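Let's walk through this model together, helix by helix, and then look at some charged pairs. Have the sequence and the 3D view open as you read.

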Amino acid sequence: MSGQTIALITGANKGIGYEIAAGLGALGWSVGVGARDTERREAAVAKLRAGGADAFGVPLDVTDDASVASAALLVGERAGRLDVLVNNAGVTGGRPQEPTLVDLATVRAALKTNVIGVIRVTNAMLPLLRQSASPRIVNMSSSVGSLARQSTPGAQTGPISAAYAPSKSALNALTIQYAKELAGTGILINAGCPGYTATDLNGFRGVRTPEQGAAIAIRLATLPDDGPAGGFFEDAGVVPW
């Protein structure tokens, strides 16, 4: 086994995922760039390597069983373990999302990637994470999934959403359930909110840069062994459920 820390980031060929890979790569880690699109994935790997990072491409479609299984084999063959998994891949599902107008296919699309995809990837990578001395899992969520904020009058919670926001609420709940099951194993799993970041997910309307959005994931990926588990965090601190 290599002594170098090994991380896998899903949806890492652009935006926040790419910046997470860049930030962890800058720490001297070996970073797996998980992405479906071959050309974009390899371009991201080349850019990361040009910047001095030890990056490698991982063909990965989080909605496909065979793709995820192959990704786990690739990572396992590389180092025999995985130290950090960042479940970053996500979709909005499309428009419209008002509950009275939404197409059920839109809801299914959001859940397929943002929730079911996280379960699929996490469970496939768990045997490798169990081989790590300090395993970490980071689920990239969003404050729009906070029921406390959504139910607070006047709170800024984005547009009405029957697909994307509920999918993030479900991801938060899922994070808690994993933390409960994995308690005592040394695997720390938490959800992180990047803030309103300018990415193609929101038509680049966000007010934060992808590098700023990546900061919370990097912090949760580098938690000490006595760090929290089953929490929901943003740069300012804890996000209410």
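At what angle do helix α3 and helix α4 pack, and how far apart are their axes? Before we get there, a word on the ground rules. This is a predicted model, so local features need pLDDT of at least 70 and side-chain atom pairs count only at pLDDT 80 or more, while totals for chains, interfaces and linings use all residues. Residues are numbered from 1 along each chain as its sequence is written, and side-chain values use heavy atoms, with hydrogens and water left out.

Now the reply: α3 (residues 65-79) and α4 (residues 104-129) pack at about 25°, with axes 10 Å apart. Axes here are lines fitted to C-alpha atoms, for helices over the stretch in contact, and angles run from 0 to 180 degrees between N-to-C directions. Helices (H or I, at least four residues) and strands (E, at least two) are DSSP runs, numbered from the N terminus. That angle makes α3 roughly parallel to α4; the label covers angles under 35 degrees, with over 145 being roughly antiparallel, 65 to 115 roughly perpendicular and the rest oblique. The crossing is right-handed, as the near helix is turned clockwise from the far one by less than a right angle.

Who touches whom? On the α3 side you'll find Asp65, Val68, Ala71, Ala72, Val75 and Gly76, and they meet Arg120, Val121, Ala124, Met125 and Leu128 of α4. Contact means heavy atoms within 4.5 Å. Sorted by class, that gives eight nonpolar, one polar and two charged residues. Ala, Val, Leu, Ile, Met, Phe, Trp, Tyr, Cys and Pro count as nonpolar, Asp, Glu, Lys and Arg as charged, and the others, Gly among them, as polar.

Aspartate 65 and arginine 120 also form a salt bridge, with their closest N and O atoms 2.5 Å apart. (The rule: a side-chain nitrogen of Lys or Arg within 4 Å of a carboxyl oxygen of Asp or Glu.) One partner lies in α3 and the other in α4, so the pair ties together parts that are 55 residues apart in sequence. Aspartate 65 is exposed, at 56% relative accessible area; exposed means over 50%, buried under 20%, and partly exposed in between (1.4 Å probe, protein chains only).

Stay with α4 and look at helix α6 (residues 164-182). Their axes come within 8 Å and cross at roughly 20°, which means α4 is roughly parallel to α6. This crossing is right-handed too. The contact includes Leu111, Val115 and Leu126 of α4, along with Leu171, Leu174 and Tyr178 of α6. By class, the α4–α6 contact has twelve nonpolar, four polar and one charged residue.

Next, helix α1 (residues 15-25), where the buried residues are Ile16, Gly17, Tyr18, Ile20, Ala21, Leu24 and Gly25. They pack against several elements, including β1 (6-10), β5 (136-140) and α7 (210-221). The axes of α1 and α7 come within 8 Å and cross at roughly 55°, so this pair is oblique.

Back to charges: the model has six salt bridges. One of them joins arginine 81 to aspartate 83 at 3.0 Å, N to O, and both residues are buried. Another pairs arginine 149 with glutamate 234 at 2.8 Å, linking helix α5 (residues 147-150) to strand β7 (residues 232-234), 85 residues apart. Arginine 149 is partly exposed at 25%, whereas glutamate 234 is buried at 17%.
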